[in-house]
Amino acid sequence: MAMAFKISGVAGVLATTGMWVTDECKTSFMEMKWKKVHRFIVFKIDEASRLVTVDKVGGPGEGYDELTASLPSDDCRYAVFDFDFVTTDNCKKSKIFFIAWSPSASRIREKMLYATSKEGLRRALEGIHYDMQATDLTEMGMDVIKDRAK
């Protein structure tokens with residue numbers, strides 16, 4: 001059960017693991033969603049401060065390859081990706097993907113922490129269309145993104 005509060009510099013979501021989502025996470029997401037100033041955002045958990053923070057922000061000119069390159073091969077992360085595409089009816093659309101990145105090489109403790117904190121961050125970021133979980137890059141390839149966005 002998640003609880004909502006407001007602490008200076010921290011958005012109002014406490015995951016069941018006791019991790020707080022920072023205001024920067026929510027602000028960056030809103031900028032991506034409404035102003036289109038970011039193409040993607042990578043989030044990480046800082047265990048010492050018990051905060052979910054922004055790890056990397058991809059500018060509007062960056063793409064999916066830059067997102068996948070920014071994910072560590074041995075540590076978990078969360079990411080949101082703004083995918084623009086044209087439908088078969090020639091209509092421009094945009095869908096936001098939430099990706100839980102949990103590579104096989106990451107520590108079991110990290111995997112458990114990220115898995116139990118995921119819903120708290122997900123709830124703080126309103127407007128996500130699709131949810132994905134990946135342990136390697138093939139599980140979140142561009143072909144998978146395109147297929148889900150149809």
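Buried means under 20% relative accessible area, exposed over 50%, and partly exposed in between, with a 1.4 Å probe and protein chains only. This is a predicted model, in which local features need pLDDT of at least 70 and side-chain atom pairs count only at pLDDT 80 or more, while totals for chains, interfaces and linings use all residues. Residues are numbered from 1 along each chain as its sequence is written, and side-chain values use heavy atoms, with hydrogens and water left out.

Helices (H or I, at least four residues) and strands (E, at least two) are DSSP runs numbered from the N terminus; the chain has 4 helices and 7 strands, arranged along the sequence as β-β-α-β-β-α-β-β-α-β-α. Of the 150 residues in the chain, 47% are buried, and among contacts (heavy atoms within 4.5 Å) with a separation of 6 or more, 56% join residues 24 or more positions apart.

Helix α3, residues 108-124, has 17 residues and reaches 25 Å from its first C-alpha to its last, close to the 24 Å expected at 1.5 Å a residue, where the expected span is 1.5 Å times one less than the number of residues. The helix α3 bends by about 40 degrees at serine 117, the bend being the angle between axes fitted to the seven residues ending there and the seven starting there. Ser117 is also among the buried residues of α3, which include Leu113, Tyr114 and Leu121.

| Cysteine | Relative accessibility and class |
|---|---|
| Cysteine 25 | 0%, buried |
| Cysteine 91 | 37%, partly exposed |

The structure holds 0 disulfides, a disulfide being a pair of cysteine sulfur atoms within 2.5 Å.
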